[in-house]
Amino acid sequence: MAFVTRQFVRSVSSSSTASATAKKIMVKHVTVIGGGLMGAGIAQVAAATGHTVVLVDQTEDILAKSKKGIEDSLRRIVKKKFAENPKAGEEFMAKTMSSLSTSTDAASVVHSTDLVVEAIVENLKVKNELFQRLDKFAAEHTIFASNTSSLQITSIANSTTRQDRFAGLHFFNPVPLMKLVEVIKTPMTSQKTYESLIDFSKALGKHPVTCKDTPGFIVNRLLLPYLAEAIRMHERGDASKEDIDIAMKLGAGYPMGPFELLDYVGLDTTKFILDGWHEMDSKNLLFLPMPSLKSLVAEGKLGKKTGEGFYKYK
Ligand SMILES: NC(=O)c1ccc[n+]([C@@H]2O[C@H](COP(=O)([O-])OP(=O)(O)OC[C@H]3O[C@@H](n4cnc5c(N)ncnc54)[C@H](O)[C@@H]3O)[C@@H](O)[C@H]2O)c1
């Protein structure tokens, strides 16, 4: 009897899994909003893995820069990956670039897209305005995802009427190289949406992990307090930034030191994240603001992307 019951439960649960799976969306057409550091990388990887991609940003100038960055990045990959077969490399490059188009008008392109991945400025009001607008123009089945590093996915999803088709899809920089994607499921994200995003992440050649809608998800919740402590150590004059970087590379086996990583990530992004967490939990000493970070951002020294952050790159 126990065996029969177990068999019954197994067959019911496997058929319900099969029907949930059958309803998953196979993402073929992707709209990436924001052609900066992250958006350009996401668009590149999606196009290179056989998806049709539209990359959206505010001006044609920004998009031209994004497209040039994608082309340069692809050329570096092709040079390594197709060293033995340059003709196949050229074909891969041409196919990838032909799968990628650009637009300055998100509303006019989302009607035929399966997935919108947003990678614009880390600001809740701006993201809410964008999604509220896109919600009116996107197809019924379209999934919305935010690449936010620090904002609550639920509070972005609430600007739309499709909370069940809304989740976090958190990529890492540089997107073409970093294998991880955090898939963030809010209490309202449907299983179908979640599974569609897991499949999409795998189709990109990434390794998805799952996290609840909790501040910083997995990686940043552990990484940011470490980076902040390195800045405080430098501010106190305990050690130079160069020595802190060398120490963490040679002593802890990290591939980059904290200041190299801060410049790579972007100091504005780091400050936004920590300020947001400080606002939410002002008593937490790990999130207290740091004067040197504040003044570098105020001076426009945002890291590698502006040519200077904690280090100079010009
Ligand atoms: N930098 C990182 O390492 C990293 C890693 C993971 C996630 N993120 C997240 O990804 C997002 C983007 O970060 P980034 O580093 O690529 O920023 P970025 O400043 O390099 O790029 C943002 C782009 O969005 C565009 N933009 C702003 N508002 C827009 C709008 N309304 N419509 C269309 N385009 C708009 C800007 O013109 C800019 O090109 C943020 O939410 C950030 O938290 C960043």
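Author: Let's start at the ligand: one of its oxygen atoms is 2.8 Å from an N or O atom in the side chain of Lys-127, a polar contact being a pair of N or O atoms within 3.5 Å. The protein buries 84% of the 830 Å² that the ligand exposes when taken alone, with areas from the Shrake-Rupley method and a 1.4 Å probe.

Reader: Hi! What kind of model is this?

Author: This is a predicted model, where local features need pLDDT of at least 70, side-chain atom pairs count only at pLDDT 80 or more, and totals for chains, interfaces and linings use all residues. Residues are numbered from 1 along each chain as its sequence is written, and side-chain values use heavy atoms, with hydrogens and water left out.

Reader: Thanks! Which backbone atom lies 3.0 Å from an oxygen atom of the ligand?

Author: That is a backbone N or O atom of Leu-37. A nitrogen atom of the ligand has a backbone N or O atom of Val-265 at 3.1 Å.

Reader: And which residues come nearest to the ligand?

Author: Met-38, Asp-57, Glu-122, Lys-127 and Ser-149, out of 21 residues around the ligand; a residue counts if one of its heavy atoms lies within 4 Å. Helix H2 (37–48) and strand E6 (166–171) each supply at least two residues of this shell; helices (H or I, at least four residues) and strands (E, at least two) are DSSP runs, numbered from the N terminus.

Reader: New topic: where is Pro-174?

Author: Pro-174 sits in the loop between E6 and strand E7 (180–185). A cis peptide bond joins Asn-173 to Pro-174, with omega about 0 degrees.

Reader: How about phi for Phe-217, positive or negative?

Author: Positive, about 55 degrees, although Phe-217 is not a glycine. Most residues other than glycine have a negative phi. Phe-217 is in the loop between strand E8 (207–212) and helix H8 (219–235).

Note on methods:
Polar contact = N/O pair within 3.5 Å; in protein donor to acceptor, adjacent residues only side chain to side chain.
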